[in-house]
Amino acid sequence: MTVVDLRSDTITQPTPAMRRAMAEAEVGDDVFGEDPTVRKLEEMAADRLGKEAALFTASGTMGNMVSLLTHCGRGDEMILGDQSHIFFYEQGGSAALGGIHPRTVPNQPDGTILIEDLEGAIRQDDVHFPVTRIIALENTHNRCCGSPLCADYMKDVGNLAGKHGLKIHVDGARIFNAAAALDTDVKDLAEYADSISFCLSKGLGSPAGSVVCGTKDFIARARRARKVLGGGMRQAGILAGAGIISLTQMTERLAEDHENAGKLAQGLAHIEGLSVDLANIKTNIVFFDLKKHDLSTESLVKQLEEQGIRILALGPRKLRAVTHYHISSKDIDHVLDSFKSLF
């Protein structure tokens with residue numbers, strides 16, 4: 001049975017070009033700075049995002065953790081959205097490992113945080129308070145329907161941060177999806193970020209790895225944070241080789257994933273018993289609600305699995321589907337036919 005796996009874009013398999021690049025990668029000891037393939041990937045990533053330098057990390061969670069440890073000391077405070085990946089899905093690592101206090105403010109449905117909410121969360125200079133050091137944003141925003149944050153919004157946050165002497169970190173796991181959706185250069189979305197991380201292992205298809213970009217001084221300090229987290233991977237060029245293919249061959253095709261997500265959302269919206277907010281479908285993530293009360297998401301996921309379709313249940317009523325380069329328009333037709341038969 002052909003499997004159409006829509007649980008996440010993290011399930012992608014490396015392309016044939018990636019497998020060749022991995023097999024043929026020139027390697028060295030990256031902790032000594034001697035892996036030429038890692039250095040090439042880092043140089044390419046920094047150039048693409050308009051930053052001075054970059055650092056290859058094992059995962060997006062590690063990339064975010066490295067960045068926060070580099071910006072903040074123990075007892076410092078980070079402002080971030082209450083729906084953010086760092087807050088929800090990274091096991092409280094900023095507090096557990098870095099002693100960084102999270103100050104959450106509400107995310108809007110489009111993934112933004114109101115400027116007045118951000119400013120209102122900044123601490124005054126008072127001995128009773130932690131010191132506000134950083135604003136953390138997410139682009140695209142996973143739990144807010146994969147919404148992209150535009151360059152104008154980033155500029156507004158940048159101006160606020162500059163006014164108060166704060167740093168900005170962007171969890172840009174899907175930043176190239178944001179650039180594709182907004183039809184803009186990824187550099188424009190990264191301009192006001194003091195640090196930005198992005199994943200190679202989601203829509204860009206690599207088997208593992210993320211990259212953190214920032215100034216040369218920031219990256220030098222971040223390299224120390226990566227080491228203490230166990231992120232010195234030695235002959236990591238085997239993974240970096242795939243990352244180079246991600247940057248050279250995979251970023252320009254992301255609009256196809258967005259088109260398939262839109263097609264899926266439109267089809268689901270016309271099925272009685274399901275509800276989709278089509279206005280929120282902007283990239284490759286589709287959230288939808290189950291309105292048929294005699295059917296649970298657990299049961300629906302099981303029935304779809306029997307037809308070779310995998311989606312993610314996020315609660316008793318909410319589900320998520322994510323398109324990626326393994327998913328074709330024909331696959332979407334099959335998924336919609338299966339939903340129609342079940343409903």
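In the predicted model, an open sheet is built from four strands in the order E9-E10-E13-E12, with antiparallel pairing; strands, like helices, are DSSP runs numbered from the N terminus (strands E, at least two residues; helices H or I, at least four), and two strands pair if DSSP finds at least two bridges between them. E9 and strand E10 (residues 285-290) run antiparallel and are joined by two bridges. Leu-274 is placed opposite Leu-290 in E10.

Two helices lie across strands of this sheet. Helix H12 (residues 254-269) lies across E9, E10 and strand E13 (318-322), at about 15° to E10. Helix H13 (residues 297-306) lies across E10, E12 and E13, at about 35° to E13. Angles run from 0 to 180 degrees between N-to-C directions, with axes fitted to C-alpha atoms, for helices over the stretch in contact; contact denotes heavy atoms within 4.5 Å.

An unreviewed UniProt entry lists Lys-202 under "modified residue: N6-(pyridoxal phosphate)lysine"; such annotations may be inferred rather than shown by experiment. Lys-202 is located in the loop between strand E7 (195-199) and strand E8 (210-214). With a relative accessible area of 14%, Lys-202 is buried (under 20%; 1.4 Å probe, protein chains only). Apart from neighbours within four places in sequence, Lys-202 contacts Asp-9, Thr-10, Thr-12, Ala-173 and Arg-174.

Residues are numbered from 1 along each chain as its sequence is written, and side-chain values use heavy atoms, without hydrogens and water. Local features of the predicted model need pLDDT of at least 70 and side-chain atom pairs count only at pLDDT 80 or more, whereas totals for chains, interfaces and linings use all residues.

Technical notes: Buried < 20%, exposed > 50% of the residue type's maximum accessible area, 1.4 Å probe, protein only.
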